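Hi,

Here is the structure I promised to pass on. Have a look at it first, and my notes follow below.

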Amino acid sequence: MNRVAGISFRTSRIIGRKIFRYLRVTSTQDKAKKFAERGFPEGTIVIAETQTQGKGRLGRRWVSPKGGIWLSVILRPEIAAMEVPKMTMIGSLALAKAIAELTGMEVKVKWPNDVLIRAIAGGPFKKVCGVLTEMVLGAGRVSYVITGLGINVNNRIPSALRATAISLRDAIGRNLPKQKLLEKVLEKFDKYYLDFRKKGIAPIMKEYKGMSAVLDKEVKIECADEIIEGKALDIDEYGALIVETEEGKKRVVAGDVTIVKR
Ligand code: BT5
């Protein structure tokens, strides 16, 4: 049983069985990687009050001031490299379900790694969480995976990001108890991760698609070397987005999605 500030995680069987807490780190991803290299078990978590070099995808910065939840989970799934995006889906779904259950808000997942909420009914959905999955390969297979979860809880959002980003406090109008949310997120992550190990990704994918902000929408996707426009049709079993474009169906494995208003 792990204790975090007096709260017991009785429900968490794998995820959160060891928790390392820090006031300030460069990035919880890097700390978790060091622990993984030293052989720490699956489910080990690194959590920090602030990150000085919080990371997004493709070397982008993740703003991580006090008041948010910034954590990384060590995973050791027996999967091929092309299955690793499934860990991002598990993380996003766990975050979305935890927030929806605790706040009663409408929550959406935006492929591939965002969780969205909105402050007012009918208003725009904005990013409240981001997920970053990094993997390390050894002997031709996945040696371990670090899945990082960033949640804007009671932290201030810098003005430059306010058009697209939001905190739970901004949406609810009051501070949210961080411990309670953390416990819920770990409980959900544990549940979905165990489900994945037992039954594969299909049941998780079904729930993920049910909360999707992009499916059936006209989208523009900025990929590394091209921009793809079309209708988001489906997400396949490897977590790739299937888009109907003027040149036919395309399978997109990574990119930044904008929903195009028509
Ligand atoms: C992500 O990248 O969304 C992944 C974020 C993962 C953060 C967690 S925190 C714990 C762990 N340790 C880390 O160092 N990272 C993980 P991406 O989709 O590339 O989005 C990055 C973009 O989101 C930036 O370029 C900004 O535009 C925007 N952004 C930065 N900070 C934000 C924030 N706090 N909330 C919302 N949007 C933000």
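Let's start at the ligand: one of its oxygen atoms sits 2.9 Å from a backbone N or O atom of Arg57. Gln51 brings a polar side-chain atom to 2.9 Å from a ligand nitrogen. (A polar contact here is a pair of N or O atoms within 3.5 Å; within protein, one must be able to donate a hydrogen and the other to accept it, and residues adjacent in sequence count only if both atoms are side-chain atoms.)

Before you read on: this is a predicted model, where local features need pLDDT of at least 70 and side-chain atom pairs pLDDT 80 or more, while totals for chains, interfaces and linings use all residues. Residues are numbered from 1 along each chain as its sequence is written, and side-chain values use heavy atoms, without hydrogens and water.

Around the ligand there are 26 residues, counted if a heavy atom lies within 4 Å of it. Ser27, Lys55, Arg60, Lys127 and Asn152 are the closest. Strand S8 gives the largest share of this shell, 4 residues. (Strands are DSSP E runs of at least two residues, helices H or I runs of at least four, both numbered from the N terminus.)

As for the fold, 7 strands form an open sheet with mixed pairing, in the order S3-S4-S5-S9-S8-S7-S6; two strands pair if DSSP finds at least two bridges between them. S3 (18-25) and S6 (108-110) are at the edges with a single partner strand each, so one side of each has no neighbour in the sheet. Strands S5 (69-75) and S9 (141-151) run antiparallel, joined by 7 bridges, and Ile74 has Ile146 in S9 as its bridge partner.

Cheers
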